[in-house]
Amino acid sequence: MSEFGAGAELPGWVTESRSRGEFFSPEESHAAAPAGFLQELPSYRSVLRRRAAAGDVQERWGNLRGIASAERREPQPDGGERGAIPLWELPFSIAEKRRIRDLQQGDIKYSSGWNHWKRTSSKSWKKALKDIKELSSYMQLWRHDIHSIEGKFGTGIQSYFSFLRFLVLLNFLMFILMFSFVTLPAVISNYGIFNSSSTKISPNNTEPYCTVYTPSGNKGLVYFYTYLKDLLTGTGFLEVTVLFYGYYTIDAAWFSVLRYNLPLAYLLTTFAYLALSFVWIIKRSVERFRQHLVHDEDQFQSYCNKVFAGWDFCITDLNAARLKHRSLLYELQTNLEEERLKQKIAERTMKEKLRIYSLRIFINIIVIAVLSGCFYSIYRATVFSQENSSNISIVGFQANLLVQYLPSIVITSANFIAPQIFSFLIAFEDYSAAFEIRLTLIRCVFVRLANVGVLLFSLWSQIHCDNDQCKACGYDYELYPCWESAVGQEMYKLLIFDFMIIIAMTLFVDFPRKLLVTYCSWKLVQWWGLQEFGISDNVLEIIYGQTICWIGTFFSPLLPAIATIKYFIIFYIKKISLIHTRKPASRPIRASSSNFFFLAVLLIGLILAFVPLGVSIALISSSKACGPFRNFNTSWAIVPYTILEFPIGLQKFLYGIASEAFAVPFFVIACLFMFYFIALAGAHKRVVEQLREQLVTESRDKLFLLEKLSEAQKNSGKPQKARS
């Protein structure tokens, strides 16, 4: 029912909407408004523009709601637009949708056999896909656990565990790739299974001493703790297993009469798992970006969304409901604080601006100094560990283990200390609360990922040297007879040590703190309280481990299997920690923003992983004593060597694609497409802004109409009751 009186005149856009059956019943569409009254509306010109633009759309809806006889006389052979638009997406009432469904079913009787078969097969196929999708949702890993966490703690914390599940699946697929195309053929051919054999070709034009590789395996009677040390460091008996690069020394595997090129398979599988990770992350990022873009509105819309649509109806736990109340209150307070800060910034004098900018420059200098100290410490620790790990006698087990784990210890300490310093310094920079969180997270991400880069740079500075012996082999043979396995061992130690730190923090920090807070009534202990479950910190923790896995998989092909087991156990550790030993963060982040942020940081980690892998594959000389690339100067050299075995025509085609004559036009065309989509996105953004302005204008129209109606009632002296 309308809010206008029986005798009130209605504007043209209302009567037109009534005639279309959108707002009012058809019998109410007889009222019309004079043109002068319509021109007084604030949205008069925008309505004209919208009416012209929406003509085709209204015609389409009219066709969908056409007369049954016309549709039956002229049935559409391909289902028309009704088949393209799902019925549940049409902006009609339930009764109208049922009528359209009856019309669609009636068309089937008058359609030909071919059209009838197409419609029924299309419906069957869509129903089958829907059933498969529902079945796969029931088979999701940790489906019940994640729904339980979502119900108790909201969608923000649930997004972390969903992200952890994604990494488990990603690492499992990476393990399947490396095991199927690299590890399994090498093992089968080495042991002669299924009538298979292997071929090993000695390197040519290489000094004989460069081809000697004697892994430090355990021989004879050894102490029991030696095996524990080997398990933690990747040396000893683990160094000669399929876990590391040095095991894969065959050049070709023969399965009956089929030749399997293991070096080429090793390199292509590396590119495959990187491409798989990149495409999957991009796909999920696009889906999450749509949600993030929807929530990226102005302050007025943000306020309305928090007030009218801010409650999370998935919450069933009382404590979680209280937490959600505090979260909404905190977000509203944050919005008000940001508005006050904007006003404060606008009112700053030149003297205050100079003071705050000078302070920020000084604090950023301190941040750079902290980062430089972390990088230098990692460099010195790596050099000391590599030079002295083999010089300590076997009796000094603890000292040897400490020296080998020294880079991992220093990196973990830097990852813990630097964020604490950044969180302390950010309070003096006078930023808004939201920007403080983002800037601190960016600095923490840079620290964690850059520390791994500094470690690899330190290793490469040791591997590459300029003396005569290094020139003969292409690398420091004495220190690294198989440098790829040495890098793989460092990545293995980082992954294992990171896992041990997570377990140790839960067992020796969180649980004792929980016991103290529960059973000790001291005011200091109660003020200390439980540790908060920081979503961002936990996400950065596992992204750091995933970046190590991406880099280390080339040097340790089974590292994704270890990462899969690690994240599988971490899921239950974090779940127990969240439920029993920690409390949700008092400043939670929105699920849509967090999902997009997690994937964006993960994509940064993957892109940074491309750099060390590219340098290792294309620039650094491969080891001449181990690995599948012993006969090539670099790992990339297998690609042109394989192309030379192709037919001449295919060689010319591939070289043509790799030439500048193809690359330059392709780059130009790609840039044109990119500029086109950027312009298209800008146009869509402007349309969205115009639609938002029209919504605001229409709200003013309603206020204008109510004011005119009130004036008309006062002038007539006969107040009219609005129809409900």
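Start with the largest nonpolar core of this predicted model, which has 118 residues. Select Tyr160, Phe161, Phe163, Tyr273, Trp483 and Trp550, the residues with the most contacts inside this core. Then colour helix 10, residues 155-191: this helix gives the most to the core, with 14 residues.

Which residues is tyrosine 273 in contact with, leaving aside its neighbours within four places in sequence? Show Met174, Leu177, Met178, Trp550, Thr553, Phe554 and Leu613, and the set is in view.

Next, zoom out to the whole chain. The chain holds 27 helices and five strands. Of its 724 residues, 42% count as buried. Among contacts in the chain with a separation of 6 or more, 75% are between residues 24 or more positions apart. A surface display covers about 41,200 Å² of accessible surface, and carbon and sulfur atoms account for 65% of that.

Now select helix 22 (residues 535-552) and helix 23 (residues 559-581). Their axes come within 10 Å and cross at roughly 170°. Helix 22 is therefore roughly antiparallel to helix 23, since an angle over 145 degrees counts as such. To see where the two meet, show side chains on both. On helix 22, pick Asn538, Glu541, Ile542, Gly545, Gln546, Ile548, Cys549 and Gly552; on helix 23, pick Leu559, Pro560, Ala563, Lys566, Tyr567 and Lys574. Coloured by type, the residues of this contact divide into seven nonpolar, four polar and three charged.

Go back to helix 10 and select phenylalanine 179, which is located there. Leaving aside neighbours within four places in sequence, phenylalanine 179 is in contact with Leu184, Pro185 and Leu558.

The last stop is tryptophan 142, in the loop between helix 8 (113-138) and helix 9 (143-153). Tryptophan 142 counts as buried because its relative accessible area, 6%, is under 20%. Check the backbone here as well. Most residues other than glycine have a negative phi. Phi of tryptophan 142 is near 60°, a positive value.

How values were computed:
Residues numbered from 1 in each chain as written. Predicted model: local features only at pLDDT ≥ 70, side-chain atom pairs only at ≥ 80, totals over all residues. Heavy atoms only, no water. Core = buried A, V, L, I, M, F, W, Y, C linked by side-chain atoms within 4.5 Å. Buried < 20%, exposed > 50% of the residue type's maximum accessible area, 1.4 Å probe, protein only. Helix = DSSP H or I, 4+ residues; strand = E, 2+ residues; numbered from the N terminus. Contact = heavy atoms within 4.5 Å. Areas by Shrake-Rupley, 256 points an atom, 1.4 Å probe, with all protein chains shown as cover. Axes fitted to C-alpha atoms, helices over the stretch in contact; angles between N-to-C directions. Parallel < 35°, antiparallel > 145°, perpendicular 65-115°, else oblique. Nonpolar A, V, L, I, M, F, W, Y, C, P; charged D, E, K, R; others polar.
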